[in-house]
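Here is a guided walk through one protein chain, written for someone new to reading structures. Keep the picture open and look for each part as it comes up.

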Amino acid sequence: MSQRITILPETLTNKIAAGEVVERPASVIKELIENSLDAGATEISVAINAGGRRLIRVTDNGYGMSREDALLALERHATSKIRVDSDLDNILTLGFRGEALPSIASVSRFSLATRETGGSPEGTEIVVEGGRVRDVKACGMPSGTVITVEQIFFNLPPRLKFMKSAETETGHVADVVARMAVSRPDVAFSCTSDDRELLRLQRSDLLRRLTQVVGRESSRHLYPVQGGDDSTTITGFISSPALVRSGTQAIYTYINGRFIRDKVVQHAVMQAYRGVIDRGRYPVIALFIELPPGEVDVNVHPTKHEVRFRRQTVIHDSIQQAVEEVLRRSPWLTAPAAAPHQASHPPAETTGQAYRERIAAAAQASLALPPRLQYRAQPGEQLDTAPTVRVTGAEQIVTVSESSPPFQPPQPPDESAGYFSSLTIIGQFHNEYILCQSGSELVIIDQHAASERVAYQLLKQQSQSGGIESQRLLFPETVELSFSEVAVAVRFNQDLAGIGFELEPFGGTTIMISAAPRMVARKAPLSLIRDILTDLERFGTTAAFDEARDSLLSRIACHSVIRGSHPLEQRQIRELLCRMDQTDFAASCPHGRPVSHVVTLAELQKIFKRT
Ligand code: ADP
Ligand code: MG
């Protein structure tokens with residue numbers, strides 16, 4: 001019998017490793033910038049053509065490599081950064097696997113030109129094609145390193161198929177450069193795409209760097225954070241509740257200088273903002289967590305976005321505390337630009353409840369300003385009545401108040417019958433409650449709970465009769481998930497389609513949402529889909545999906561309606577009352593909260609001592 005087991009040739013193992021670290025042009029650029037930073041560069045420029053598909057070039061002024069080192073660097077597991085096992089517990093550089101260069105070189109036409117600072121007067125250029133060294137020659141160049149990657153995945157057709165449009169890939173590249181740039185304001189960065197300049201960032205300080213990246217208007221909403229304990233320091237900037245985004249894109253968190261997207265860290269941040277900003281909204285944040293390398297394992301994941309903390313709870317709580325500390329002081333209340341009429345010296349400490357109320361009120365006040373819409377009409381696109389906010393890269397701002405009704409009724413409401421339609425509308429109280437009269441009774445309706453229940457019942461009906469109405473998104477959204485979330489999305493793909501979501505793999509851990517339940521299609525469904533995947537992760541099996549269906553429907557319903565206080569026109573109130581009549585209110589409410597409350601005349605008379 002012939003031999004069954006063979007040791008794979010290195011060109012092949014490199015290709016396999018490439019599958020882990022090289023997902024798309026942006027991930028190549030991340031690795032290359034990390035190398036440049038590790039090499040002490042103070043200037044890094046990135047250039048791409050056709051979204052990086054045709055060309056990626058990263059140039060740095062770091063300390064470069066000698067010819068011998070350059071050749072070694074292309075060998076698998078060749079690294080100058082760790083030598084022995086125990087170094088793994090002490091990683092201070094960004095790279096350490098010695099996998100990036102050989103992986104990238106194995107799936108592209110690759111060239112590495114480098115000249116060592118203070119070394120030989122000439123540089124070395126090494127040309128590699130699909131993992132095979134084709135040429136090694138001397139070249140004239142300033143000290144530093146230039147890496148050029150052309151025709152990525154030319155020898156890996158399946159990967160090539162996963163690549164998205166040049167525009168999408170360019171977006172990812174810009175995101176990566178922005179993340180790394182925020183982590184190192186002391187390094188100058190530039191990024192050009194097809195000779196168009198996307199970013200040019202001079203060396204500066206963190207606040208300036210951050211506002212350059214997230215948008216100039218944000219600068220007056222950012223406040224410094226300072227926290228931690230003996231072994232941990234937490235520094236950076238966080239936004240006031242007035243500056244929010246619909247997704248987590250502007251949450252920049254770093255551990256020991258490394259960009260991470262970690263659940264624990266994110267949860268801690270969001271806990272601090274709980275009750276201060278609406279659900280589904282995210283602050284703008286650049287947070288740097290420094291802790292002894294032995295306290296954190298960054299070796300969990302090849303692209304190193306997730307980490308494992310030794311003292312997870314402690315870290316979580318100190319992050320939350322550090323952020324809360326700033327929010328508690330509500331510095332924006334005294335900031336002249338934000339609210340000049342506010343008391344100039346608010347008490348440094350207030351009770352939790354009062355603090356949240358005060359912050360919420362301040363946020364509300366600043367949100368009342370007309371939000372800036374960033375809307376890009378696409379060719380041939382029809383404008384809907386209420387403009388959707390297009391989420392575009394770093395500049396995106398979110399509308400917080402929407403004037404559209406919670407959702408479109410399936411058929412025109414029947415004006416004739418029903419208890420709620422028969423009520424006489426008195427008006428709205430606190431933009432949260434609808435007051436009505438029915439004979440000698442005062443009927444108070446919680447408009448949010450009512451809209452939510454109506455939405456929930458409609459979803460249930462649809463789900464029982466053929467499926468939930470789904471709508472293709474005008475602008476499919478991409479969402480980056482953790483590996484486990486991707487696994488859940490794949491496993492429950494059919495079930496999710498049944499409740500109106502169409503999710504497609506988008507390469508790596510990115511998923512594209514191309515359709516969503518009609519009821520929520522106008523709102524960015526990103527946070528909803530994350531919530532749902534998190535739920536499903538807990539439920540486990542498809543059989544469990546059916547049990548979970550109602551709670552998922554209630555989530556969708558919750559997302560479909562306007563949160564918090566919101567002025568309603570008479571017409572909208574009437575519409576809501578009619579729909580309430582069409583809803584089976586005997587069914588249990590999604591959150592078990594009452595929707596309406598009746599105060600009788602007798603009760604009022606008792607209050608006023610008329611009896
Ligand atoms: P790692 O970064 O994990 O060590 P890489 O494959 O990314 O592995 O790089 C291999 C080695 O090549 C690095 O350890 C470093 O010594 C060297 N190197 C890579 N890029 C550069 C650069 N831009 N400047 C100087 N040295 C570099
Ligand atoms: Mg590296």
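What follows is a short tour of some strands, a helix, a cavity and a few loop residues.

## Before we start

The structure you are looking at is a predicted model. Keep that in mind as you read the values below.

## A hairpin and its neighbour

Let's begin with strand β1, residues 43–49, and strand β2, residues 55–60. The two run antiparallel and are joined by 6 bridges. Together β1 and β2 make a hairpin, with 5 residues between the strands. In that turn sits Ala50, which has a positive phi of about 50°.

Strand β2 also pairs with strand β6, residues 144–150. Here too the strands run antiparallel, and 6 bridges join them. A pair to look for is Arg57, which stands opposite Thr148 in β6.

Now move along to strand β4, which covers residues 123–129. How much of β4 is buried? Of its 7 residues, 5 are buried, so the strand is mostly covered. Strand β3, residues 109–115, pairs with β4 in the antiparallel sense over 6 bridges. Strand β5, residues 132–139, also pairs with β4 in the antiparallel sense, over 7 bridges.

Glu129 is a handy landmark here. This residue of β4 is the bridge partner of Arg109, and Glu129 also stands opposite Arg132 in β5. The strands β4 and β5 form a hairpin with 2 residues between them. In this hairpin, Gly130 takes a positive phi near 55°.

Helix α6 runs over residues 166–183, which makes 18 residues.

Which residues of α6 are buried? Among them are Glu169, Thr170, His172 and Val173. Further along the helix, the buried residues include Val176, Val177, Ala178, Arg179, Met180, Ala181, Val182 and Ser183. Two of these, Arg179 and Met180, come back in the next section.

## An enclosed space

Rolling a probe the size of a water molecule over the atoms shows where empty space is left. In this structure there are 3 cavities of 30 Å³ or more. The second largest cavity holds about 110 Å³ of space. Its lining has 13 residues, and those nearest the centre are Lys30, Glu34, Arg179, Met180 and Phe259. The elements that give two or more residues to this lining are α2 (25–38), α6 and β13 (258–260).

Which element gives the most to the lining of the second largest cavity? That is α6, with 4 residues. By class, the lining has 6 nonpolar, 3 polar and 4 charged residues. At least three of the lining residues come from each of domain 1 (10–200) and domain 2 (206–329).

## Two loop residues with positive phi

Phe153 lies in the loop between β6 and α5 (157–162). It has a positive phi of about 65°, although it is not a glycine. Is Phe153 buried or exposed? Its relative accessibility is 1%, and buried means under 20%, so Phe153 counts as buried.

His430 is found in the loop between β18 (424–429) and β19 (433–438). This residue is not a glycine either, and its phi is positive, at about 60°. His430 has a relative accessible area of 56%; exposed means over 50%, so His430 is exposed.

Ser204 is in the loop between β8 (196–201) and α7 (206–214). With 23% relative accessibility, Ser204 counts as partly exposed. Ser204 and Val187 are 17 residues apart along the chain, and their C-alpha atoms are separated by 7.9 Å.

Thr93 lies in the loop between α3 (67–73) and α4 (100–106). It is partly exposed, with a relative accessible area of 25%. How far apart in space are Thr93 and Arg258? They are 165 residues apart in sequence, and from C-alpha to C-alpha they are 8.9 Å apart.

Definitions and conventions: Residues are numbered from 1 along each chain as its sequence is written. Chains are lettered from A and ligands numbered from 1 in the order in which they are written. This is a predicted model: local features need pLDDT of at least 70, side-chain atom pairs count only at pLDDT 80 or more; totals for chains, interfaces and linings use all residues. Side-chain values use heavy atoms; hydrogens and water are left out. The expected span of a helix is 1.5 Å times one less than its number of residues. Buried means under 20% relative accessible area, exposed over 50%, partly exposed in between (1.4 Å probe, protein chains only). Two strands pair if DSSP finds at least two bridges between them. On a 1 Å grid over the protein atoms alone, a cavity is a set of points where a 1.4 Å probe fits but cannot get out, and a pocket is an open set with protein on both sides within 12 Å along at least five of seven lines; lining residues have an atom within 4 Å of a point. Grid points are joined across faces, edges and corners, and a volume is the space filled by probe spheres set on the points. Ala, Val, Leu, Ile, Met, Phe, Trp, Tyr, Cys and Pro count as nonpolar, Asp, Glu, Lys and Arg as charged, and the others, Gly among them, as polar. Domain bounds come from an automatic or database domain assignment.
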